[in-house]
Amino acid sequence: MTDKPKIYKDPRGWWRHRRERPIVTVLRLEGVISPGRGGPLRPGALNMQGLYNQIDQAFKPARLSAVVLQINSPGGSPVQSALISDAIRARAAEKKVPVLAFAEDVAASGGYWLLSTGDEIFAHGASIIGSIGVISASFGFPELLARYGIERRVHTAGENKMMMDPFSPEKEEDIARLKDIQKKIHDQFIDHVKARRGDKLNRRRYKEMFSGEIFLGEEALRLGLIDHIGEMDSVIRERYGKDTVIKRLTVKTSPLKRLVAGQSPDLAAAAAAEVESRVSWGRFGL
């Protein structure tokens, strides 16, 4: 049976019903998570500096029933991931409203850090979830300058100031130091996931789960990394009713779109950001 539409003989009843409809805000987080540099939102990046106002707006409505995070991110900066997650959790505690998180194509690495912000986590069966690990990638050119007769002059105070310099040969002690830093960040990531997911996680598969491996939605569900397979609009209507007001907030992060729109005057920065974005998405075939 389908619900019959309500008929209001008194216009005040219609207006009261309209005013009392539950509100759910949707904050879309799409893109590489990267530090803010030179403006409120670095082209191609999600960061706390650029999201501060949107997070406040998401929790602003008076009749707020829930905040929904719509996440599509291959990851990035662990610090920015943590700052964004902490800010959302702080607002949720202050307003006493639940946060539902939905993964689209990918919520991996820092993207999963954001996803685990939710009190409940949803994904599509084919969503890419996980990659709970830390990666550092760069290039080395130790012989390039000499080949072209270029003399590089670098003066430092501090014996480790040139650690991992791309124009110098790698040192074993530098690699060991980097791996130590990575392990500490990885441990922080693992602690965050355990704190957010608790007993929902499949403890027998911790080693696999925290190895940096990625999982499709159905497998992530079995691991306890997510709670449900579900589509966002359908879940909102089922939870809060068909008359729910859905307010969508979007953070646009495409470098080329921002350049065309005149929001990014630095062509080189926009091009570099676009390359960084494509490499990050490309790791997951997207």
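Me: Is N202 buried or exposed?
Reply: The model is predicted. N202 sits in the loop between α6 (172–197) and α7 (206–209). Its relative accessible area is 18%. Buried means under 20%, so N202 is buried.

Me: Which residues does N202 touch, not counting those up to four places away in sequence?
Reply: Neighbours up to four places away in sequence are left out. Contact means heavy atoms within 4.5 Å. On that basis N202 touches M209, R222 and L223.

Me: Are α2 and α3 roughly parallel or roughly antiparallel?
Reply: Helix α2 covers residues 48–58 and helix α3 residues 78–95. Their axes lie 10 Å apart, at an angle of about 15°. Angles under 35 degrees count as roughly parallel, so α2 and α3 are roughly parallel.

Me: How many residues of the contact of α2 with α3 are nonpolar?
Reply: From α2 come M48, L51, Y52, I55 and D56. They meet Q80, L83, I84, A87, I88 and R91 in α3. The contact has 1 polar and 2 charged residues, and the nonpolar ones number 8.

Me: What kind of pair do the rings of F102 and F122 form?
Reply: The whole structure holds 3 aromatic pairs. The ring centres of F102 and F122 are 4.5 Å apart, with the planes at 10°. Planes under 30 degrees apart count as stacked, so this pair is stacked.

Me: How far apart in sequence are the parts that this pair ties together?
Reply: F102 belongs to strand β5 (residues 99–108). F122 belongs to strand β6 (residues 120–123). The pair therefore ties together parts that are apart in sequence by 20 residues.

Technical notes. Residues numbered from 1 in each chain as written. Predicted model: local features only at pLDDT ≥ 70, side-chain atom pairs only at ≥ 80, totals over all residues. Heavy atoms only, no water. Axes fitted to C-alpha atoms, helices over the stretch in contact; angles between N-to-C directions. Helix = DSSP H or I, 4+ residues; strand = E, 2+ residues; numbered from the N terminus. Parallel < 35°, antiparallel > 145°, perpendicular 65-115°, else oblique. Nonpolar A, V, L, I, M, F, W, Y, C, P; charged D, E, K, R; others polar. Buried < 20%, exposed > 50% of the residue type's maximum accessible area, 1.4 Å probe, protein only. Phe/Tyr/Trp six-rings, centres within 6.5 Å; stacked < 30°, edge-to-face > 60°.
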